[in-house]
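Please find below a colleague's note on the model displayed here.

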Amino acid sequence: MRYAPKTLTPYVSARHYFGSEQRRHREVAKLSLVQLADIVNSSKSNLARVETAELMPPPELPSALDAAFGTERYFFGLYQLAKKEGHPDQYRRYMECESLATVMEDFATNVVPGMLQTEGYARAFFSLAPGTTPERVEERVQARLGRQERLYSPEPLRYCAILDEAILHRPVGGRVVMQDQLAVLLGQADTSRTMIQVLPFIHGGHALMEGPLTLLRLPGGRSMVYEEGRKSGRLLEVEEEVEQRRATYDALRAYALSPRDSAALIQHLMERYEPCAPAST
């Protein structure tokens, strides 16, 4: 069967335009992906994914394309625009990458990370949204539980999480739900595939107080970051930005309790858990 190139949508974003221009110049030069890959010292698969906007152009690619096509700083300029914008469908892109990741590292501020949530905790959490129907809650719960299959597959994801201590004290779903949730955290605190550390209150302020963060390591060593906000998330793939978030995450890991001490704290709260008393009025 003859290969049919994927239809491009150049005007969706700067990243899409970069990819479409790479293909246009390549076709004008009568070069195949394999031939261009040899010229710019890349791989056919990476160039194909750049053309379809599935991959952010690596930092070295724009200059290599400019040299290959004699376009001076044309692709360099497109890259400056592309790297400053988010992916047009960031969460879908993130979920695709999560399914391929070999290592996943979470920092969570207020809610147990999705990869570790029990069914009861997830249901209680999704039910908090105003106007949410039971059907929609169930749909989201099952989707969340489905993501967790990566932890138990024949080639399991290596998963690490740093949890702000506040998560352990907030009674989402009530005492029974939280006891069950803490029991799951305890079981995953230090295994061959998972590690959980608690960032204690005593540490005080830190650089990630504004929201949670997820780092993914993909096959081939490529990394990306997903930052969550209250209403939307931001996917980062530019190497400098990823490394900056990595440094922040590693600093918090150093200040967090060890997996053993984290497990001891979780055990203590699981056995003596009491819901937070409502503030007096």
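1. In this predicted model, the contact between helix 10 and helix 12 is formed on one side by Gln179, Leu182, Ala183, Leu185 and Leu186 of helix 10. Their counterparts in helix 12 are Ala263, Ile266, Gln267, Leu269 and Met270. By class, the residues of this contact comprise eight nonpolar and two polar, with no charged residue.

2. As to geometry, helix 10 spans residues 175–188 and helix 12 spans residues 259–271. Their axes come within 9 Å and cross at roughly 160°. Angles over 145 degrees count as roughly antiparallel, and helix 10 is therefore roughly antiparallel to helix 12. The crossing of helix 10 past helix 12 is left-handed.

3. Cys97 takes part in no disulfide, and the nearest cysteine sulfur to it, that of Cys160, lies 19 Å away. Cys160 is likewise in no disulfide, its nearest cysteine sulfur being that of Cys97, at 19 Å. For reference, a disulfide requires a pair of cysteine sulfur atoms within 2.5 Å.

4. Are these two cysteines buried or exposed? Cys97 counts as buried because its relative accessibility is 2%. Cys160 also counts as buried, because its relative accessibility is 7%. The cut-off applied to both is under 20% relative accessible area.

Key:
Residues are numbered from 1 along each chain as its sequence is written. This is a predicted model: local features need pLDDT of at least 70, side-chain atom pairs count only at pLDDT 80 or more; totals for chains, interfaces and linings use all residues. Side-chain values use heavy atoms; hydrogens and water are left out. Axes are lines fitted to C-alpha atoms, for helices over the stretch in contact, and angles run from 0 to 180 degrees between N-to-C directions. Helices (H or I, at least four residues) and strands (E, at least two) are DSSP runs, numbered from the N terminus. Angles under 35 degrees count as roughly parallel, over 145 as roughly antiparallel, 65 to 115 as roughly perpendicular and the rest as oblique. A crossing is left-handed if the near helix is turned anticlockwise from the far one by less than a right angle, and right-handed if clockwise. Contact means heavy atoms within 4.5 Å. Ala, Val, Leu, Ile, Met, Phe, Trp, Tyr, Cys and Pro count as nonpolar, Asp, Glu, Lys and Arg as charged, and the others, Gly among them, as polar. Buried means under 20% relative accessible area, exposed over 50%, partly exposed in between (1.4 Å probe, protein chains only).
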